[in-house]
Amino acid sequence: MSIYATYIVARWDRPLTELRINNAIEHLVVEGPYSWARTDGWQCLVPEEVFYAGDVIPPVALIEEETRGPVLGLGVESSSVWHVAFRAGRTVRRVSAGAESGYPVELEHAMVQSWGHQNWRMRAAESLAGWAAPFADVSAMGLAAAMEAPHIFAESKLDDLKRLLTLVPDRGHPWWSFGRATTVRESDVPGAIYAVDGFALRVPGWRPPVGEFREPGLAVVRTVEGWRIWDRVRTTWLRDSVAELQTVLLDLAALVAARGWVRSTPT
């Protein structure tokens with residue numbers, strides 16, 4: 001997938017390729033591994049090109065008018081900037097952030113203004129969990145944790161958010177094997193409300209060894225008590241709960257040196 005991507009997730013009794021808004025595309029080509037459809041009507045459409053007036057975020061309100069059901073819009077802009085859009089009541093709410101300098105700093109300020117609080121991720125997560133409530137029991141704390149985790153790639157963050165929202169294909173679909181070796185099932189970690197393998201995260205001063213991405217490693221986990229580190233191989237905790245994610249990431253950096261990780265060059 002390119003560094004720009006648009007996702008539409010919706011429940012409809014017709015294929016999302018038949019949406020009227022797709023008429024803006026001369027030749028609609030669907031990204032196979034990323035697009036999917038379930039028997040319960042939930043689908044995800046990922047076109048090869050960014051469209052809808054050049055915005056990576058699809059017009060969720062317009063799509064809802066046609067599908068007459070809940071719609072989640074997502075977008076990737078550069079390798080680390082991500083966007084989510086959904087309608088809360090009559091208002092379309094947007095969540096945006098990134099790991100790079102410059103533009104994401106502006107997004108951070110915009111999110112504080114939009115959600116009315118410095119801890120805007122929790123506010124946004126509560127709203128998103130409320131949006132999902134008619135079809136899934138979702139932990140707002142888990143969603144907020146996924147938003148906060150410093151994913152290397154924006155696609156990974158959006159995949160985790162969709163997974164927590166239960167908006168992913170059935171097991172066995174190529175989506176589960178295509179580049180998702182770092183996916184951690186919360187049910188495999190005691191008390192986890194969100195879990196992500198360290199391979200998927202930006203660890204200060206370190207990068208994983210080449211060729212080791214398919215091996216399970218150390219998972220960063222959010223529980224009700226706080227952030228922890230879980231050894232996926234030995235199935236044991238390596239870190240007691242702490243409130244700050246940055247503290248756990250520093251602990252993770254100290255652990256990965258003995259596991260073949262290499263020093264990264266500052267950019």
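Me: Is Thr166 buried, exposed or partly exposed, and how do I read that?
Reply: Buried means under 20% relative accessible area, exposed means over 50%, and partly exposed is in between (1.4 Å probe, protein chains only). Thr166 has 37% relative accessibility, so it counts as partly exposed. One caution: this is a predicted model, where local features need pLDDT of at least 70 and side-chain atom pairs count only at pLDDT 80 or more, while totals for chains, interfaces and linings use all residues. Residues are numbered from 1 along each chain as its sequence is written, and side-chain values use heavy atoms, with hydrogens and water left out.

Me: Where does Thr166 sit?
Reply: Helices (H or I, at least four residues) and strands (E, at least two) are DSSP runs, numbered from the N terminus. Thr166 is in the loop between α5 (154–164) and β7 (194–197). Its phi is positive, about 65°, although Thr166 is not a glycine.

Me: What about Arg68: which phi does it have, and is it buried or exposed?
Reply: Arg68 isn't a glycine either, yet has a positive phi of about 55°. Its loop runs between α1 (60–67) and β4 (71–77). With 75% relative accessibility, Arg68 counts as exposed.

Me: On to the rings. How many aromatic pairs are there?
Reply: Rings of Phe, Tyr and Trp (its six-membered ring) pair if their centres lie within 6.5 Å; planes under 30 degrees apart are stacked, over 60 edge-to-face, and the rest tilted. A search of the whole structure turns up six aromatic pairs. Take Trp42 and Phe135: their ring centres are 4.8 Å apart with planes at 55°, so that pair is tilted. The two are 93 residues apart, with Trp42 in strand β3 (residues 42–45) and Phe135 in the loop between α3 and α4 (140–148). Phe135 also pairs with Trp131, edge-to-face, at 5.4 Å centre to centre and 85° between the planes.

Me: Which residues do ring pairs link into a cluster?
Reply: Trp42, Phe86, Trp131 and Phe135. Trp42, at 2% relative accessibility, counts as buried, and Trp131 is buried at 9%.

Me: Last one: how do α2 and α3 cross?
Reply: Axes are lines fitted to C-alpha atoms, for helices over the stretch in contact, with angles from 0 to 180 degrees between N-to-C directions. Under 35 degrees is roughly parallel, over 145 roughly antiparallel, 65 to 115 roughly perpendicular, and the rest oblique. The axes of α2 (residues 103–115) and α3 (residues 120–132) come within 9 Å and cross at roughly 55°, so the two helices are oblique to each other.
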